[in-house]
Amino acid sequence: MRQLKIFGERVAVSEVAEKTETAIAMPQDMNRTRNIGQVVAVGDGKTKQGLMEMAVRLGDCVVFQMNSLQAANSLHYHEGKPFFILNQGMKGRTAGTGR
């Protein structure tokens, strides 16, 4: 299996099943606004403005939000497994500045 590499301030996230109170795993619906995923790759944080501190690490569980058009544009496959490539979303924040 080849390792997935992501550049810049991007993060690759694979969706995970959501557990209900009865412990039955249900897959996420693409039309829902809230998605739960696990980080499978993290970019190096390089941007045009400098180095951005990455807020997530490999293996972190994250909640992300997107509409159906965003989902269609960010859905990719690596070795047959689907994942989303998302921007970290903290525009303008560079490492060490706290801004």
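How do the residues of the lining of the largest pocket divide into nonpolar, polar and charged? The points below take up this question and the strands around it.

1. Basis. This is a predicted model, in which local features need pLDDT of at least 70 and side-chain atom pairs count only at pLDDT 80 or more, while totals for chains, interfaces and linings use all residues. Residues are numbered from 1 along each chain as its sequence is written, and side-chain values use heavy atoms, with hydrogens and water left out.

2. Overall fold. The protein chain holds one helix and nine strands, in the order β-β-β-β-β-β-β-α-β-β along the sequence. Helices (H or I, at least four residues) and strands (E, at least two) are DSSP runs, numbered from the N terminus. Of contacts between residues at least 6 apart in sequence, 61% join residues at least 24 apart; a contact means heavy atoms within 4.5 Å.

3. Surface. The accessible surface is about 7000 Å², and 53% of this belongs to carbon and sulfur atoms. Areas come from the Shrake-Rupley method with a 1.4 Å probe, and for residues only the protein chains shown count as cover. Of the 99 residues, 29% count as buried. Buried means under 20% relative accessible area, exposed over 50%, and partly exposed in between (1.4 Å probe, protein chains only).

4. Largest pocket. The largest pocket has a volume of about 360 Å³. Of its 16 lining residues, Gln3, Leu4, Val40, Ala41 and His78 are the closest to its centre. The lining divides into 10 nonpolar, three polar and three charged residues. Here Ala, Val, Leu, Ile, Met, Phe, Trp, Tyr, Cys and Pro count as nonpolar, Asp, Glu, Lys and Arg as charged, and the others, Gly among them, as polar. Strands E4 (34-42) and E9 (81-87) each supply at least two lining residues.

5. Pocket terms. On a 1 Å grid over the protein atoms alone, a pocket is an open set of points where a 1.4 Å probe fits, with protein on both sides within 12 Å along at least five of seven lines; lining residues have an atom within 4 Å of a point. Grid points are joined across faces, edges and corners, and a volume is the space filled by probe spheres set on the points.

6. His78. This residue belongs to strand E8 (residues 75-78). His78 is buried, with a relative accessible area of 16%. Apart from neighbours within four places in sequence, His78 is in contact with Arg2, Gln3, Leu4 and Phe83.

7. E8 and E9. Four bridges join these antiparallel strands; two strands pair if DSSP finds at least two bridges between them. Leu75 stands opposite Phe84 in E9. The hairpin of E8 and E9 has two residues between the strands, and Glu79 takes a positive phi near 50° there.

8. Second largest pocket. Its volume is about 270 Å³. Among its 16 lining residues, Val11, Phe64, Leu86, Asn87 and Gln88 lie nearest the centre. Strand E1 (10-15), strand E7 (61-65), helix H1 (68-74) and E9 each give two or more residues, with the largest share, four residues, coming from E7. This lining has 11 nonpolar, five polar and no charged residues.

9. In E7, Val62 and Phe64 form the covered face, and Cys61, Val63 and Gln65 the uncovered one. E7 pairs with E4 in the antiparallel sense over five bridges, and Gln38 stands opposite Cys61. E1 pairs antiparallel with E9 over four bridges, where Ala12 has Ile85 as bridge partner.
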